[in-house]
Amino acid sequence: MAGPSDARYLLAQNEHPYPPLPSVLAALAEASADLHRYPDFRPERIAGIVADWQDVPAGQVVVGHGSAGVALDLFHAVVEPGDNVVHSAPCFDAYPLFCEIARAEARPVPLGPDARHDLAAMAERMDGRTRIVVLCNPHNPTGTVYSWAELTEFFRRVPATALILLDEAYVDFALGWQAPDVPARIAEWPNLVVLRTLSKSHGIAALRIGYALAEESVAQRVRDHQVPYAVNRLQEAGLLAAVGAEDEMARRIAEIAAERERTEAELLRLGWTVAPSVTNFLWVDAPGDQLPLRAELERLGVAVRYYPGQGIRVAIGEKDANDAVIEGFAAVAPLAPAHPAHPATP
């Protein structure tokens with residue numbers, strides 16, 4: 001049986017299916033001439049690029065080695081041994097790991113039946129030692145989303161001693177999702193940290209460019225825990241080129257969204273239960289034996305992410321990759337679990 005390393009279609013890590021834009025590659029080539037020079041001791045220039053792009057003061061910006069790197073810096077800044085962190089289960093794999101690194105108690109909360117965070121259950125798990133509450137919105141790995149009204153209703157239940165880490169790694173794909181701009185959010189919720197990345201929507205995952213937007217004292221606290229020289233010249237050049245190509249990025253996102261909708265419709269037609277995704281991936285319920293489907297997908301050269309006893313996350317690729325996914329799920333369609341579809345995303 002072929003493994004992920006042998007796969008023709010790499011759909012396990014939610015990567016962008018298209019290579020970097022020519023303008024990004026040109027910027028990287030030009031910046032490579034200065035690789036013998038150190039980057040800034042503190043990434044002030046790249047923070048300024050993000051601040052101008054997001055229309056926030058530079059003091060509210062934290063940049064780092066991918067969104068995961070910024071999140072880990074946040075854990076180092078605010079979590080002490082014995083504190084606890086509330087997050088969903090499943091969630092982005094890094095968060096349980098960060099709890100271990102920070103020697104914090106991880107308090108995972110199973111998702112609700114709609115494949116979204118169980119916000120009521122998460123509220124019950126918070127206490128005076130809760131330092132971070134993690135909300136991936138859109139959610140990873142299910143692709144589901146909460147409305148801003150639903151989120152803020154939950155925010156009111158978060159203790160003032162805890163930070164709300166709103167991980168928006170996939171928000172650029174959520175074309176119909178609406179929320180106040182980030183300055184307004186932070187003004188109303190000073191314990192809110194909005195986490196984002198260019199890895200997914202802008203297709204530069206290998207450059208590891210992530211950033212957080214937060215109230216200035218919170219942002220400074222995180223910056224104080226960052227390693228010097230952590231952001232390099234290639235990242236700075238790639239970021240500047242990527243944010244200067246928003247129209248091209250928007251076209252690519254629209255293409256991915258169209259393929260997501262087509263693939264989802266085909267899987268639903270085959271009898272599979274698929275969560276209503278607003279991201280660049282789909283979550284397919286598969287609580288039973290996943291081995292027959294895994295064997296079929298690997299035969300077709302498709303690598304996806306398996307969550308044993310729960311489901312399968314499938315990143316959206318180019319058309320031939322998505323066709324292979326549909327073919328694999330069609331081959332074992334009689335094994336699709338028989339239960340109601342998830343309700344529509346708000």
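Is Arg-156 buried or exposed? Arg-156 counts as exposed, at 57% relative accessibility; the cut-offs are under 20% relative accessible area for buried, over 50% for exposed and in between for partly exposed, with a 1.4 Å probe and protein chains only. The model is predicted, so local features need pLDDT of at least 70 and side-chain atom pairs count only at pLDDT 80 or more, while totals for chains, interfaces and linings use all residues. Residues are numbered from 1 along each chain as its sequence is written, and side-chain values use heavy atoms, with hydrogens and water left out.

Arg-156 sits in the loop between helix H6 (148–155) and strand E6 (163–167). Helices (H or I, at least four residues) and strands (E, at least two) are DSSP runs, numbered from the N terminus.

**Nonpolar cores**

A nonpolar core is a set of buried Ala, Val, Leu, Ile, Met, Phe, Trp, Tyr and Cys residues joined through side-chain atoms within 4.5 Å. The largest has 54 residues, and Leu-135, Phe-154, Phe-155 and Leu-213 have the most contacts inside it. Another core, of 31 residues, lies apart from it and includes Trp-272, Val-284, Leu-300 and Tyr-306. Contact means heavy atoms within 4.5 Å. Beyond residues up to four places away in sequence, Phe-154 touches Leu-119, Met-122, Ala-123, Met-126, Val-133 and Leu-135.

**A buried arginine**

Arg-260 belongs to helix H10 (residues 246–269) and is buried, with a relative accessible area of 7%. Its side chain reaches the backbone oxygen of Thr-279 at 2.7 Å. Setting aside neighbours within four places in sequence, the contacts of Arg-260 are Phe-173, Ser-277, Val-278, Thr-279, Phe-281, Leu-282 and Ile-316.

**Salt bridges**

A salt bridge is a side-chain nitrogen of Lys or Arg within 4 Å of a carboxyl oxygen of Asp or Glu. By this rule there are 18 salt bridges. Three of them are listed here.

| Pair | N to O distance |
|---|---|
| Arg-45 and Glu-236 | 3.6 Å |
| Arg-116 and Glu-150 | 3.2 Å |
| Arg-262 and Asp-323 | 2.9 Å |

Arg-45 is in helix H2 (residues 44–54) and Glu-236 in helix H9, so this pair ties together parts that are 191 residues apart in sequence. Arg-45 is partly exposed, with a relative accessible area of 42%.

The salt bridge of Arg-116 with Glu-150 links distant parts of the chain: Arg-116 is in the loop between strand E4 (105–110) and helix H5 (119–125), and Glu-150 is in helix H6, 34 residues apart. Arg-116 is buried at 14% relative accessible area, whereas Glu-150 is partly exposed at 25%.

For the salt bridge of Arg-262 with Asp-323, Arg-262 is in helix H10 and Asp-323 in helix H12 (residues 319–331), so the pair ties together parts that are 61 residues apart in sequence. Arg-262 is partly exposed at 26% relative accessibility, and Asp-323 is partly exposed at 29%. Salt bridges with shared partners join Glu-259, Arg-262, Lys-319 and Asp-323 into one network.

Terms used
Polar contact = N/O pair within 3.5 Å; in protein donor to acceptor, adjacent residues only side chain to side chain.
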